[in-house]
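Good morning, colleagues. I would like to discuss how two parts of one chain meet, and then step back to the chain as a whole.

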Amino acid sequence: MQTKRLLYKLLETVRDFFKKPLLTIIIQLAIIAFIIWYTVRQIAAFPLSILILLLWIVTVLYSLIAEFRHSHTKMSLWLKKNLYSSLFNSCLTLVIFISLPSILYSIIDYAILRATFSPSLTAPGVRPPNVSASWGVIPGAWKLLATGTLEPVHLPRVWIAFFWMMILAILTYITLRIVQKKKNPTLRKTITSLWLITPLVLFVLLVGIAKPAQLVDIASLIKGTMVVVGLALIMMWQKVIPLSIKNIIIAILIWPVFSVLWGFLGQSGLFPPINPEKWGGLLLTTIITIFASVISFPIGVALAFGRKSQLRGIPDWFLWILTVVIVIWGLATSTPAMLSSARNTLEKLMAFWPLLIILITYLFIKIFKGNVIAASSTVFIEVIRGVPLITILFLAIVMAPLFVPEGVQLKNTWSVLIGYTLFNSVYLAEVLRGGLNAIPQGQYEAADAIGLNTIQKIWFVILPQAVQMVIPALVNLFVGLFKSTSIVGIVGLFDLMGIVSSVTGNPAWQGLRTELYIFAALIYFLGSYVLSSYSQRIERKNLIKKR
Amino acid sequence: MIFRRKKEASNQIPFWRDIRVFGIIGQILFILLIFLFFRTIGSNFITNIGKLGRAQFICQDGSYNLKCAFDFMRTPAGFGIAESVIPYEVTDSYWQALKVGLFNTLKVSLLAILFSTIIGVVVGIARLSNNWLIKNVARWYVEIIRNTPLLVQIVFIYFVVFLTMPSVNESLQPLGLPIFLSRRAMVFPAVRLMPSSAWIIAFIVLGLIQFQISYRKFSESSARKHKQSHAFRNAGLIFLLIVGIGILIANSRTSSQSILVADSTRINSCQDIEAYALRKAGVANIADLQKLEAEKLTEVSIKICTVNGTSSESNLVSWLQKKKIPFSVVKRSSTVTQALNSYEKGDCDMLAAPINLIAGEKASLTDHQKHLLLPFPESPVLLDRPRIENARVVGGMSFSPEFAGLLLGLSFYAGAFIAEIVRAGIQAIPKGQFEAATALGLTEWQKLRLVILPQSLRVIIPPLISEYLGTIKDSSLGIAIGYPDLYNVASTTLNQSGRSLQVILIIMVVYLTLSLITSAILNWYNNKIRFVEK
């Protein structure tokens, strides 16, 4: 009885299949024919596929029978839902079933079965024949890949920097957990202040301090203290930090203490300066990423607020009077001279450049309503966003040396760091602007209603919310920055990618491009994947919170 | 307290708390700050630029003038460019070289945009598939591609995949298709449009216009009669009919191509060519020809002279290939006169050239009575299949490994991002929309066309356009593998001429123009969909 019903069901399915329009049947039959041809081919090339095919047949039958008998087990239901929900899906499953094992096998074969792992077997002469991958190149070239051409004397400093960051990160992770439970403010404050001095620590470790002539330069000490105290007073006046004796004392002492410490460290010669052009490999990649993302944060915040600024602009009448004056002055002084010396029509036209100012003024009034701050931030952001990163780096390398005093040689590494900072800050500004736009108007109004001044409003109400809202985007930006460091090799620096390209030229590791590129890709992948899945997790959490 | 009450009474805000005054003071301070910044570092800048300037702004007569800044662009570039869309020689100016670079950038990025969109749509839909395997394969494709730098991918594809391919003679032919992959070039079959194909194109345009008109008409009439609409099908049939007429007309036009045959006593029509080939080989029929040895076959094959840059070669070649007549192209000349010369010397049996070029030149032949101008049957659209001749691949569409590496890298990379955009766009539609569409009794195609696409496109297109802009900008990474795009040519220009400021200005202006165009399109689209929303 059972068998009869099953057969009947099967016949019914076949009949339903042929009830469809002719074209659909033909296409489906063609797809099935292709799959059969592909399966046969694959089995001929890779005999293990027969087992896979058997597995497919067994599971299909299993879920089919369960379906017809209306008695699904957990497994057959999963199979039906996820692999064999329709004829088309079953065919796709078969194609992937059949092709994946051979792909996986060829990867394993290349990476493990026929590979060597010994660093001494990498040179072209000693490399055994029929070897696919010589992974020995990675431990062999490890020093170069990790730190580039950095002198070995300085390696402990890199290690200290590395452990400093690691320990701090782990501590933060742990305290975040504890703080959530116990709300331990002192521990959190300690960690925060440790993070705050981290840039200084990293600077001392990785850049080093030149030996000063004397311990402390009194003039600069006084100047620095005045600047710090001035800033602190402004912040107290705007009520960002509370006005108290303790805070004033801290503000007065902070600069002298640090400069004395600096002087001592410099005189002790513990941390002699490192030539930044010696940074390389993963070290350089990390330095660029961290430097650019830290320094670009304040710039990005300023640009974001600048672009959104709604200050009342310069009055139109004033701008137009200014424009007319400039245009008349330009037409009177430079145009006749340029016209008389013009060599072709283009140069004759260019002699009338003052007329362009009218257009600029018109656009300035029309788009930005005379707001200088919004205009300059917007133009800066759009110009940098409109050109490729490599152009910005190139620009930085050519232009940055023009701004330093004569006789000072600006190293390419610094120029590139400046370029990355500029580039990252405009993207950061755009991300933050998204966050600012998402803040409800009520928040501004509420802040006004409880009598906060502008800086308090930004510092305590708007910025924390905006940043929290865009944390996933910020992490993605950070990932993008990390990935984009790979192109500094093009402008002549030796980051991980740059080192990989130069290592392949070394006779001991000649022709081992594939291994090195795979290694570099893995490093980039691990870093980016961990971070981006973290950002996705936050995003999902935020989404749940919103609902 | 007294102080404050007095203020309220006068109802005046002191000017230092007035937000308007505040704003203007703030802006003046800002301008001052920028001015001060540039004054402090500006003095360095002015001295440095002054030193640089003397070399940058040199005129032809040796004097210095700001207006001579771009004069160097007219001097010969002096460097070769491996591939270009427009004609370029070493002696051409820097302007021409930069133009070549710009066109190369546009070529690779437009193709990459096309491919990445296809990849993105397919993978994006696959990520939402209810097949667990497909979903995960698509997911890991996206994760792996998105989390490795583009440069690593491009360099990997170029050095590890393309440069390890065999040489031209041992070209790979995947699945036996007429595709030749070697480390020199990737050659694909190309579609060549003969002059007569203009008829087909014209009729396709005509058909599309007619389709639009009749589709509207049919759907209106069926809506009036409350009948099921067959507008799409009917209008489609009309379209096919019109295109069919176009194809028929194009096929009847065969005058523009011709061959010149040496001896009018031997060959009088196109059918005679086959007989001539058989006589030359000394066999009875074509099947016997195939049995000949390779060396003998090249010896007896019909020798052809052609003119470079004309489509008559591919026309003749595809015709001979169809008839299975052995042939070899022995000479490609750059002008008709040269081709006629080598033909008269006896280098080849026949000459393939367009009739309009050859008709004027025929008189220059010494014995022009003897020569026959043969109109040749021409197919309006033909497939130009590549073939190996003397250790190089001729015919077809050829791509350099640099171009192919950059194109593939860009397409895969942007494809992964577009997949995420597409997925987000489809997921942004509430489930109720699908259910409502199903409840209305719409078919799958109607559901997609009328309900899902209009809504998800609104979410998809803005990020998609910025992704396209990103692709154009990312094409500057071609320098890593030596593809001569705009940035590559510009940096060579800089190295040769030393005019850093001008070259940087040019690059920035070009890229900014491209991005401005893109954002103008984006703004236009955003305004348009906002209008629809109301």
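Between domain 3 and domain 4 of chain B, about 610 Å² is buried, with carbon and sulfur atoms giving 63% of that area; buried area is the accessible area, for a 1.4 Å probe, that two parts lose on being put together, summed over both. On the domain 3 side, Leu193(B), Met194(B) and Asn251(B) lose the most area to domain 4, together 69% of what that side buries. Helix H6 (197-224) and helix H7 (231-252) of chain B are the elements that give two or more residues to this side; helices are DSSP runs of H or I with at least four residues, strands are runs of E with at least two, and both are numbered from the N terminus.

This is a predicted model, in which local features need pLDDT of at least 70 and side-chain atom pairs count only at pLDDT 80 or more, while totals for chains, interfaces and linings use all residues. Residues are numbered from 1 along each chain as its sequence is written, chains are lettered from A and ligands numbered from 1 in the order in which they are written, and side-chain values use heavy atoms, with hydrogens and water left out.

How many salt bridges does the rule find across the interface of domain 3 and domain 4 of chain B? The count is 0, where a salt bridge requires a side-chain nitrogen of Lys or Arg within 4 Å of a carboxyl oxygen of Asp or Glu.

Turning to the whole chain, chain B contains 18 helices and 12 strands. Of its 534 residues, 43% count as buried, that is, under 20% relative accessible area with a 1.4 Å probe, protein chains only.

How values were computed
Buried means under 20% relative accessible area, exposed over 50%, partly exposed in between (1.4 Å probe, protein chains only).
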